[in-house]
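Subject: Handover of a structure

Hello,

I am passing a structure on to you.

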Amino acid sequence: MRKPGQDRLGIVLVGLSGVAVCVALGMVFFYAPREAAMGEVQRIFYFHVASAWVGFFAFFITFLAGIGYLARGERRWDILALSSVEIGLTFITMTVITGALWAKPAWGTYWTWEPRLTISAVQLLIYVAYGMLRAAIDSPERKARFAAVYGIVAFVTVPLSWFAIRWWRTIHPDILTSGGGMATTPKMTQTLMVSLAAFTLLYVTLLRQRIRLERAADALARLRLRADRIGK
Amino acid sequence: MGFVRKVWAIVAKDVAAELHTREMISAMLVFSVLALFIFSFALDLRGAMARAAAPGVLWATVAFAGTLGLSRSLAREQQTGCIDGLLLAPLDRSAIFFGKAIGNLIFMAVVEIVLLPLFSALFDTPLLQSGVLIVVALGTVGYAAVGTLLAAIAVNTRAREVMLPVLLLPLAIPALIAAVQATGGLVDGATWAEVGGWVRLLVVYDMVIVAVSMLTFGYVVEE
């Protein structure tokens, strides 16, 4: 096993995602124009959308990793699923918080049942449950198996939830959000694209670090077991 | 023995066990009536307000009562060691899934058959119409299917019964929204075509959920 200091790719990834997030920040504040209707507060939109994208993408990776685990039964698929869920939860929490912060000045209330915000909050609840499920099982093999099943069933309900929540809001038209459309300019679209790329890179970096951490924990557990045997 | 007869044997076993003890259905029924009263007190449901709230209260009650029955149904398999017998028997895992899910569906249906007239009377709402009955059936199928899968997971965790609602309710959100909207529409005198979108969503939910639960159930019960 290599020492952490030798992880060249890891260092490169951390550097790259750091630069990318700084560039995105710079573009959000200095490149993107001031939105006409909502003013400065609209600038939260770029990171709000980017963290939502990473959140949903992370849960999709967990879904795929769940299928991988059930098909192969290998520990690495479980590590991928677990790592991706933790990062996805962080980003989806950011989405919900930035959404609420944006809603207050834009619509005068912290929470509107805006469909995209609502489905993000539903995802947050689902994957908190996923974490609780993992925490409530002792056997590592069973934990991985149950978590894989839950990750799969949970993800297939996402499109169904989306349609249900969207139609629900269309049937009860929300006056607050109906005027929320934005006039986008090319500069805004470019800023959004850079933010999305920066956050995706950040996701890959964090995912890689989290997987390494879990592998290190596994290695440590094996070493402890060996040390115990030698001790006896 | 054909697939259907194997499934039926498991259903018959669950029904016989329930007729013997009556613990699941009686707990679900008493809980449902209590929930009905609690909702009425909490929301001060009278007159027009009661009629407007009836579909939501009905589905919330069914969802919560369902978690009671579902966790009991799988916990009973576990405690009696019956699940080990089922796994040893020359049965497809999907036959066990359908057997348990259909059993749970029957128990929930019995509770609903009692609840619907009670709701109609107490909330002065026309719930006993064919459209509403179809919506109730469709909503319950998906809920019982995913509930059976997740209850099999929950009984094998340290938290047991506490785990099931946490796992199940967020996944049931699309079915609950569609069922409440369709029921509410029909009660307000909407035609079948007007609530068609919601009914189709329920049908799609049922198909997707039954398929995924059937495919993954084997991984949950294997040791």
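Helices (H or I, at least four residues) and strands (E, at least two) are taken here as DSSP runs, numbered from the N terminus. Read from the N terminus, the elements of chain A go α-α-α-α-α-α-α, that is, 7 helices and 0 strands.

Two points on conventions. This is a predicted model, in which local features need pLDDT of at least 70 and side-chain atom pairs count only at pLDDT 80 or more, while totals for chains, interfaces and linings use all residues. Residues are numbered from 1 along each chain as its sequence is written, and chains are lettered from A and ligands numbered from 1 in the order in which they are written.

Chain A

Along the principal axes, the C-alpha atoms of chain A fill a box of roughly 70 × 40 × 25 Å. Chain A has 232 residues, of which 38% count as buried (20 or more other C-beta atoms within 10 Å of the residue's own; exposed means 12 or fewer, partly exposed in between, and C-beta atoms are placed from the backbone). Of the contacts in chain A between residues at least 6 apart in sequence, 79% join residues at least 24 apart; a contact means that the C-beta atoms, placed from the backbone, lie within 7 Å.

Helix α7 of chain A covers residues 186–231, 46 residues in total. From first C-alpha to last it reaches 67 Å, close to the 68 Å expected at 1.5 Å a residue (the expected span is 1.5 Å times one less than the number of residues). Buried residues of α7(A) include A:M188, A:L192, A:F199 and A:Y203. The buried residues of this helix pack against α1 (8–31), α2 (44–72) and α3 (75–107) of chain A.

A:A227 also lies in helix α7 of chain A. A:A227 counts as exposed because it has 10 C-beta neighbours inside 10 Å. Between A:A227 and A:T98 there are 129 residues in sequence and 48 Å in space, C-alpha to C-alpha.

Where the chains meet

The contact takes 28 residues from chain A and 27 from chain B. On the side of chain A that touches chain B, α4 (115–135) and α5 (140–171) each supply at least two residues. The largest share, 18 residues, comes from α5(A). By class, this side of chain A has 23 nonpolar, 2 polar and 3 charged residues (Ala, Val, Leu, Ile, Met, Phe, Trp, Tyr, Cys and Pro count as nonpolar, Asp, Glu, Lys and Arg as charged, and the others, Gly among them, as polar).

Chain B

Helices α7 (residues 163–187) and α8 (residues 196–221) of chain B pack at an angle of about 150 degrees, their axes 9 Å apart. That makes α7(B) roughly antiparallel to α8(B) (over 145 degrees; under 35 is roughly parallel, 65 to 115 roughly perpendicular and the rest oblique). The contact of α7(B) with α8(B) has 10 nonpolar, 1 polar and no charged residues. Among the residues that meet there are B:P174 and B:Q181 in α7(B), and B:W198 and B:Y205 in α8(B).

Two loop residues other than glycine have a positive phi. For B:D44, phi is near 50 degrees. B:D44 is in the loop between α2 (23–43) and α3 (47–80) of chain B, and is exposed, with 10 other C-beta atoms within 10 Å. For B:D124, phi is near 50 degrees. B:D124 is in the loop between α5 (93–122) and α6 (130–154) of chain B, and counts as partly exposed, with 13 C-beta neighbours inside 10 Å.

Regards

Notes: Axes fitted to C-alpha atoms, helices over the stretch in contact; angles between N-to-C directions. Contact = placed C-beta atoms within 7 Å.
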